[in-house]
Amino acid sequence: MNAPLSVTTAARLPAPMGSLIQHDTPVSFSFDGVSYQGVAGDTIASALAANGRWLLSRSFKYHRPRGALTFAGQDANTLVQLPDEPNVLGDERQITSGLTVTAQNVNGTLDNDRDMRLGKLSKFMPVGFYYRSFYKPKGVWKYWEPLIRRKAGLGTLNLDVRPDYHDKAYLFHDVVVVGAGPAGMAAALTAADGGASVLLVEQGRLLGGALTYARFDAAGLAADQALQILNDAVTAHARIDVMTEATCNAWFTDNYLPVIRGKRLYKVRAKECILASGAFDQPVVFRNNDLPGIMLASAAQRLMRHYGVRPGQRGVVITGSDDGYLAALDLMEQGVNIVALLDMRALPDDATLATTVTQAGITLKLEHAIFEARAEKSLHHVTGVDIRRIVARGELATEGEVIDCDLVCMTAGYMPVYQLACQAGAKLSYLDDDARFSLSGLPAHLHIAGSANGLYHLDDVMADGKRAAQIAIAGLNGTAADIAPVSASCAFRQYGWPLFAHPKGKEFVDLDEDLQIRDIINATRHGYRDIQLVKRFSTLGMGPSQGRHSALPAARLVAEATQRTVSETGVTTARPPFVAESLSLLAGRGFDPYRQTPMHQRHLALGASMMPAGHWARPAFYGRPEDRNASMQAEALAVRTGVGLIDVSTLGGIELRGPDAAELLNRIYTFAFLKQPVGRTRYATMASEQGVIIDDGVSCRLGEAHFYVTATTSGVDRVYQQMLKWNAQWRLDVDITNVTAAYCAVNLAGPKAREVLSKVCDDIDISPEGFPYLELRSGHVGSIPARLLRVGFVGELGYEIHVPSRFGEALWDLLMAAGKEAGIRPFGVEAQRLLRLEKGHIIVGQDTDGMSHPGEIGLEWAVSAKKPFCIGRRAIDILAAQPQTRKLVGFRLPKDSPQPLEGHLVLTGGEQSADAAKPGGDITGNVTSCEYSSTLNAIIGLAYVGTDVSAPGSRITIRTSGDVLVEAEVVKLPFYDAPAARQEM
């Protein structure tokens, strides 16, 4: 392998620098094919920085070289590719031994990206150019889209990766404090001392927030002393639960807080919530402000304090607040030669700081800024800056001074971490006098403290944390808290216009999206005066940073261009989530409820191949997986010619008892049930309020006030919930109970079914006259109490036998023994679906979709025309009165034809379309069920088709696998035994 570029072993600082790393534990990894060595606790970016590697990525649009901006996971500059994961933040992800990391969004190599030439074409790609360029001539987008995706893509997704285990947990606390900086820790201690149970949530690996890296006084002692005291007190307090490396990702009503920690999502409920989330350091905008080696001052401090890495040898600091002075002192102490400190203001707030930095050998230049950053042609790293005096807002002198440097640290000021507060409805206001934001209008039981509340001096921040906790304690006690807000003990001014346009551009406002000053201004000239419209037109703040460092400068530019104030302009809406969430985390643990029928072991003993059906495991067929077709056809043939037995225990069962049981069914289902005779069954279809069929089953009337209703395997829970929901409104006199688990059932079907049943059923007359089709009886099978239903889902003489679940295996054994002489054969779901298809019976959820109403699927007969009301009746009538556009029909193909699969498309015509992407014409429908039937010696199926070809004898075109078109004949249903003589025998 090649040696790494610019290896600088002296960049690693000794302890106590490096609070997050273990200096004596080396870790080897590779980046873009080059081996590097970091130490335990390093992130990818910090380890590479320690090796002198600052170029980490390429920008989204212009493929410009980029290095870390924040070292806190707040920018897109560190996005890298791992073998199994794209778009990984290199300044957050820790290295592990043998880790392989590569750059992403690169054409060629990271060091020599051929697409960097796109930057020279930037004048031909003004803001919003894609809206005006790629829509004409008609159809051209399909040629542009793949090119744009290749040029502006990010990482590569590995579709073979199986996600790790993710899960969720629930937490309940009196007070939740978001942010464990000085304000958050002070708030947590005060609340806990007041008797509250407290959860302290910190995004970083350490408690302390800015105390762990920033300098709060010239001597550099205040932060360490405060951190030691607060950390010891918090960790020792019995009523404080600490959660580090955790992100509160949103705020929802009533203080519902989703907190992400590793691979677990905590759903947290808080009676009181305190936001002590701090503030984001803000960049200065000048030409080439995106070069590697240019970073926020707080990033340089994190790199030194957290990872023990010196960020450069010769540096320049540009600041809009006093914190730039403190950062410069930090850098000097760690061996970085700060050759110039540029304060954009006329004077610092603390005059003694000017003396301190000057005595440290730092050249202080007041009212100065950077005109442009310079680099070699490759732009791999900053090599110097052109500094000039500020002569007006956003304007610099025509001449200045060029300073050689390999590090530029910038801190224009701060913007509060406002996202969660604004999600709660808070208003973000801008204070023009000192260029700061404030938050107001928080809902009850949500409080804000510290830098998020506009306070920056350490004593003020801690006092504000205590104040917020005192108010929270009062809220817990149900009392009013008359506590005055904390006033700043001394001034903290920030420079109000840290944006310096350059005649040649390349002053980046949004580094994620490569947006320059002129892009934001041009968006307003196109008429997009509202910041929300500017965002959508320019993609401002839509990248991984989500506007953390672009929202404020963009608001300033829009306000200036539209002659308004920043308060009037505002910033773009903050919506959840605060940081990106993986789909695995949203999905949660791979929890799939799994249920077995009482006869499950019998199926396994018979060699069944099992399949999922809702939450249940059911026999698909009996035999080896590779023998699926042969087994299915043999089982179906056994039912047609002899007798078969299938486990249907997964059917839902609901019992209704009470004087109004019939009335409830009459309102819930589309058919009529008030006059259903006792001892009879009736087909029951359920519609939604939109008139869509959502379930079906059989209603069995066991008595005048007693019904037993079956439902589909996957739909019974929904049916039960619907019954409870509606009856909560109707208040009918009826008890509703889900008895699915209390009963198991089998279907004994075939011409010899009566012969088999007669051997084990003595107390029920099962003759055709004594037990006709669609009736039900209660009695015993053997000695097992049972409910017997004469139903015909598979189209043969059949008995559905429902017994208490504890008798499941006994019932199965009894019927298998009784049917031995008749050649009884168990059959599975696959054969059952084939048999019902031959009879043209639909399966709700397979042959129906979210728009299927009775008129489309041939169930008009199942909607009572006499009763005045049922759920969905009005919608059904409206849909029935409208011209239909599709119909579910049966179709038939020769047995040697290519077989359509479920979901294959039905097209208009049979000719090859001029559009190669859709051979056969326009889509008019789709196949819902299809199988080869050995009984009919043909391929049969159900499909939605246009009404113009729905009549029997019509021909339809189906596009099968490989874009092979087949022409099928529409036939009248059912395919088999049209008179229904066999099931009624």
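Analyst: Happy to! One term before we start: two strands pair if DSSP finds at least two bridges between them. Also keep in mind that this is a predicted model.

User: Thanks. So how do strand E34 and strand E37 pair?

Analyst: Strand E34 (residues 652–657) and strand E37 (residues 706–711) are antiparallel partners, joined over 6 bridges. For a landmark, Ile-654 has Val-709 in E37 as its bridge partner.

User: Nice. There's a parallel sheet too; which strands stand at its edges?

Analyst: The open sheet with parallel pairing has 5 strands in the order E15-E23-E16-E17-E18. Strand E15 (294–296) and strand E18 (364–366) are at the edges with a single partner strand each, so one side of each has no neighbour in the sheet. Neighbouring strands here are turned by 20 degrees against each other on average, ignoring direction.

User: How many bridges between strand E17 and E18?

Analyst: There are 3 bridges, in the parallel sense, between strand E17 (residues 337–343) and E18.

User: Staying with helix H6, at what angle does its axis cross that of helix H7?

Analyst: Roughly 35 degrees, with the axes of helix H6 (residues 297–307) and helix H7 (residues 323–333) coming within 10 Å. The crossing of H6 past H7 is left-handed. On the H6 side you'll find Ala-297, Ala-300, Gln-301, Met-304 and Arg-305, and they meet Leu-326, Ala-327, Asp-330 and Leu-331 in H7. By class, that contact has 6 nonpolar, 1 polar and 2 charged residues.

User: What about helix H4 and H10, how do their axes cross?

Analyst: The axes of helix H4 (residues 182–193) and H10 also cross at roughly 35 degrees, and they come within 7 Å. H4 passes H10 in a right-handed crossing. Among the contact residues are Ala-183, Ala-186 and Ala-187 of H4, and Val-461, Gly-465 and Ala-469 of H10. The contact of H4 with H10 is made up of 10 nonpolar, 3 polar and 1 charged residues.

User: Why is helix H13 described as largely enclosed?

Analyst: Because 9 of the 11 residues of helix H13 (residues 551–561) are buried, the rest of the structure largely encloses it. The buried residues include Leu-552, Arg-556 and Val-558. After H13 comes Gln-563, with a positive phi near 55 degrees.

User: And helix H21, which of its residues are buried?

Analyst: In helix H21 (residues 808–818) they are Gly-808, Leu-811, Trp-812, Leu-815, Met-816 and Ala-818. They lie on the same side of H21, because they cover an arc of only 165 degrees around the axis.

User: Glu-809 is in there too; what does it touch?

Analyst: Glu-809, in helix H21, touches Pro-598, Met-599, Gln-601 and Arg-602, not counting residues up to four places away in sequence. Glu-809 counts as partly exposed, at 28% relative accessibility.

User: Last one: how many residues sit between E40 and E41 in their hairpin?

Analyst: There are 2 residues between them, and Gly-782 in the turn has a positive phi of about 65 degrees. Strand E40 (residues 776–781) and strand E41 (residues 784–789) run antiparallel, joined by 6 bridges. Ser-778 has Arg-787 in E41 as its bridge partner.

Conventions
Residues numbered from 1 in each chain as written. Predicted model: local features only at pLDDT ≥ 70, side-chain atom pairs only at ≥ 80, totals over all residues. Heavy atoms only, no water. Helix = DSSP H or I, 4+ residues; strand = E, 2+ residues; numbered from the N terminus. Axes fitted to C-alpha atoms, helices over the stretch in contact; angles between N-to-C directions. Left-handed = near helix turned anticlockwise from the far one by under 90°. Contact = heavy atoms within 4.5 Å. Nonpolar A, V, L, I, M, F, W, Y, C, P; charged D, E, K, R; others polar. Buried < 20%, exposed > 50% of the residue type's maximum accessible area, 1.4 Å probe, protein only. Arc of directions from axis to C-beta.
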